[in-house]
Amino acid sequence: QVQVVESGGGLVQAGGSLRLSCIASGLTSNRLVMAWFRQAPGKERDFVARIIWSGGDTHHSSSVLGRFTISGDHAKNTVYLQMNSLKPEDTAVYYCAVKTNNVGSGYYYTNTKEYDYWGQGTQVTVSS
């Protein structure tokens with residue numbers, strides 16, 4: 001049984017930092033892509049960043065590039081999202097997503113429909 005569990009959300013002032021973690025268990029594929037999305041109230045779920053598990057290729061959305069960094073720890077089956085220089089507009093529920101059939105490093109995988117498993121989300125609130 002696949003489980004995806006996020007942690008690390010919370011309340012932070014603008015300019016501060018948070019690190020989100022996502023542990024994925026029960027996965028057998030060696031072609032994994034792991035990603036972070038976020039959803040603000042009344043808005044669609046948007047892509048934040050993704051990492052191709054084999055090789056470590058990363059892609060970040062333009063809205064977070066230079067402030068957020070996605071990384072992975074294979075030994076712990078954990079993906080992280082380091083968030084620096086946070087802004088009030090980063091306030092959202094952050095979701096971890098897993099895709100089990102990566103077909104190549106040249107794909108961005110920014111669409112929610114491309115992912116097979118999702119966590120329950122963790123709230124990030126940035127105060128001004």
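Residues are called buried under 20% relative accessible area, exposed over 50%, and partly exposed in between, with a 1.4 Å probe and protein chains only. By that scale Pro 41 is exposed, because its relative accessible area is 74%. This is a predicted model, in which local features need pLDDT of at least 70 and side-chain atom pairs count only at pLDDT 80 or more, whereas totals for chains, interfaces and linings use all residues. Residues are numbered from 1 along each chain as its sequence is written, and side-chain values use heavy atoms, with hydrogens and water left out.

**Sheet and hairpin**

- Strands here are DSSP runs (E, at least two residues) numbered from the N terminus, and two of them pair if DSSP finds at least two bridges between them.
- Strand β3 (residues 18-25) is joined to the antiparallel strand β8 (residues 78-83) by 6 bridges, and Ile 23 has Thr 78 in β8 as its bridge partner.
- On β7, 6 bridges in the antiparallel sense connect to β8, with Gly 72 partnered by Val 79.
- The hairpin formed by β7 and β8 has 4 residues between the strands, and Asn 77 in the turn has a positive phi of about 50°.

- Side chains of opposite charge can pair when their charged atoms come close.
- The whole structure holds 3 salt bridges, each being a side-chain nitrogen of Lys or Arg within 4 Å of a carboxyl oxygen of Asp or Glu.
- Asp 90 and Arg 38 meet through their side chains in a salt bridge of 2.9 Å, N to O, which links the loop between β8 and β9 (92-99) to strand β4 across 52 residues.
- Asp 90 is buried at a relative accessible area of 0%, and Arg 38 also counts as buried, at 12%.
- A salt bridge of 2.7 Å, N to O, joins the side chains of Arg 67 and Asp 90; because Arg 67 lies in the loop between β6 and β7 and Asp 90 in the loop between β8 and β9, the pair ties together parts that are 23 residues apart in sequence.
- Through shared partners, salt bridges join Arg 38, Arg 67 and Asp 90 into one network.
- Arg 67 counts as buried at 11% relative accessibility, and its side chain reaches the backbone oxygen of Ser 85 at 3.0 Å.

**Arg 50 and its surroundings**

- Arg 50, placed in strand β5 (residues 45-52), counts as buried at 1% relative accessibility.
- Its salt-bridge partner is Asp 57, with the closest N and O atoms 2.9 Å apart, and Asp 57 is partly exposed at 32%.
- A polar atom of the Arg 50 side chain lies 3.3 Å from the backbone oxygen of Tyr 108.
- Setting aside residues up to four places away in sequence, Arg 50 touches several residues, including Val 33, His 59, Ile 70 and Tyr 115, where contact means heavy atoms within 4.5 Å.

**Pro 41**

- Pro 41 lies in the loop between β4 (33-39) and β5.
- Its C-alpha atom is separated by 9.1 Å from that of Thr 91, 50 residues apart along the chain.

Key
Polar contact = N/O pair within 3.5 Å; in protein donor to acceptor, adjacent residues only side chain to side chain.
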